[in-house]
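My notes follow in the order I took them.

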Amino acid sequence: MRTELHPNSLSPLAAVRNLGILAHVDAGKTTVTERVLFATGTIHKRGEVHDGTTVTDFDPQERDRGITIFAAAVSCAWNGHRVNLIDTPGHVDFADEVERSLRVLDGAIAVFDAVAGVEPQSESVWRQADRHGVPRIAFVNKLDRAGADLDRAVESIRGRLHPVPLVVQLPIGTEDGFTGVVDLVRMRALVWADDGGRAVPGPANGPVNGPATGPANGSVAGPSVQSAAGPVIGPVPEELRAEAERRRRVLEEAVAALHPAALEEFCAPPGRLSAATLAGALRDLTLTGEGVVVLCGSAYRNRGIEPLLDAAVAYLPSPLDVPAVRGTHQGAEQRRAADPEGPFAALAFKVTATATGRLTHVRIYSGTIEKGATVWDPATRRTERVARILRVMADRHLPLDRAVAGDIVAVVGLKSARPGATLCAPDAPLLLEPPVAAEPVVSVAVEARRRTDTDRLAQALARLAEEDPSLVVRADAETGQTVLSGMGELHLEVAVEKIRRDGGPEVTVGRPRVAFRETVVHGVTGFVHRHVHQTGGAGQFAHVVLDVAPLGHEDGFEFRSAVVGGRVPQEYVRAVEAGCRDALAEGPLGGHPVTGLRVTLTDGSTHVKDSSDTAFRTAGRLGLREALRACAMTLLEPVAEVTVTVPEDAVGGVLGDLAARRGRVTGSAAARGGGAVLTATVPLAELFGYATRLRGRTQGRGTFTTRPSGHAPTPPGPVTPQGADR
């Protein structure tokens, strides 16, 4: 039954779900989130992305652009459970928002377009969730679109993401005639009234797909402007019964092949799985990641949301179902279980500046925190006081008296905590591993239009970098310019626009520049460097012999020692390695970072008095720097995998434009609904302004997506791409 939870009520941990909504841009994540809030009675009027009225896309830039830019948290109640949802961005430029959100989530709902199937960014966020071990269920959205095909979408999930999809629903109707689903777990039909995307007044149904409860009617507290019309539940339509039985059998066989208890029941007479056994096995397989439950629907037309909520509650983990969080204290590993009575430990994953103050969004892993409590930040070694605790509802906030393990809340009053900071009890210190910020790939020079605004610009940039760790601000030592680096052209556009909209100074922006790297093509052997420095007192002496060779791939650095006979003591070997790593910051071609090489220390010697760690570190740095000048080097530039969807009559022009941008076409396929899908690897520097060019060549009908795919050598000859660093 749908329930309302008081803001200050403390849900049992087993009844908490911390979930993210993940997908490619335009797959319908925000619409799904909006319909979830509507179905749970959290909001009483549905907003639309195209109208700029959704709850989670509340930032003016999100509403103007029609995309999710910032991860937004909301909270709702369903069937006695507290569901904390984070609607994440789908654009590749904002992948760091997804990374930081996944770090604190227990489960996720992956949304796929029923026409497009698995798209490039949905594949990227799936891999991110794999790295964090986040269990998922899948929701194939937009089944009401022309060309929608559940089976084809499921095959793309199987083929590109490689899970075992466990399809638990059969659509009733196709494309515009899609009206409902057959629940293959309970073998019943769920049909929604045709509201054309609008709400139909009437009583709302409670849970319809949970493993332990039947359908029940619930009510929404407070005045209702619109009411969610739940599904009409009935028997499987006669014309679909044979297909439903076949698909139920396929589902049972797939589950039995993966789950021992289900296999035992499946092999015993009558050779079928009960609904309870099947639901329990689906939960187990979801938690272990051995299978992915697949549901379907149309979020825009409000079909399939209630079963999706029931599946999220039934199959995805609570804080009790995930391993205890691991941290360190004084070098020793410690674990903190999700226990409200344990010592307090939380991770800050997002910082935002609002009219109500500086909000630090935290996931509480252990213990309880109350208003006025004192917390310890082990990274900065500072004590901070929590002035207020808030339940976050996108841009609205509900005050709480306290929060417990398993909660995702925002706190006010912390002055120095940054995204990735650990907050813990002062008498039980613990340092949690922070999310890893992505390395920026695009840079622009920014400066205030008026000299008098230079300090204001510096403050605004500092705030940006504080809120978004994937933005890096630095001063160029050669030009004196302030350089802002980020994950892509759109990322930087949004950042600069945010400065303006937040009342910052007028800013001028230089041409985007990409982050080049340098690597070794042909190395050197036996390169000798002696570092001798005398100042009248104790001097410095270090003698090293280095071999430098390509690593075989463009990323990484390896250091080895082949010194024999103790000619260079082990502590000095470590100092040489540290010095070599220092030298990687600036290469000989243009001062870009160096990567993709192996350095071997083959020999050296020491002085009885003048040798030291400092001397050998200096020798390592200067020796490798000189050795690189003797090597054959090449520039590496960031490249992106580009997927372009174009009408048939524009394919030739688009291919020619990609070739002019030094693109290498890697694939071509027919697009669903006509046209072609082209895949190419293109230098990132050549993609600036590509959106405008593509629209012009295709009369606005072409679309493209990109995702970073590492670095590649630049072509021979002078390298002066439009995004060059220098």
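I took a polar contact to be a pair of N or O atoms within 3.5 Å; within protein, one must be able to donate a hydrogen and the other to accept it, and residues adjacent in sequence count only if both atoms are side-chain atoms. The model is predicted: local features need pLDDT of at least 70, side-chain atom pairs count only at pLDDT 80 or more, and totals for chains, interfaces and linings use all residues. Residues are numbered from 1 along each chain as its sequence is written, and side-chain values use heavy atoms, with hydrogens and water left out.

Entry one, the loop residue. I found His24 in the loop between strand E1 (16–23) and helix H1 (29–39); helices (H or I, at least four residues) and strands (E, at least two) are DSSP runs, numbered from the N terminus. A polar atom of the His24 side chain lies 3.1 Å from the backbone nitrogen of Gln121. Leaving out residues up to four places away in sequence, I listed what His24 touches (heavy atoms within 4.5 Å): Lys29, Gly90, Glu119, Pro120, Gln121, Ser122 and Thr705. Its relative accessible area is 3%, so His24 is buried (under 20%, with exposed over 50% and partly exposed in between; 1.4 Å probe, protein chains only).

Entry two, the sheet. I traced 4 strands in an open antiparallel sheet, ordered E7-E8-E9-E12; two strands pair if DSSP finds at least two bridges between them. Strands E7 (169–172) and E12 (232–234) are the edges, each pairing on one side only. Antiparallel strands E8 (residues 180–183) and E9 (residues 188–191) are joined by 4 bridges, and Gly180 has Val191 in E9 as its bridge partner.
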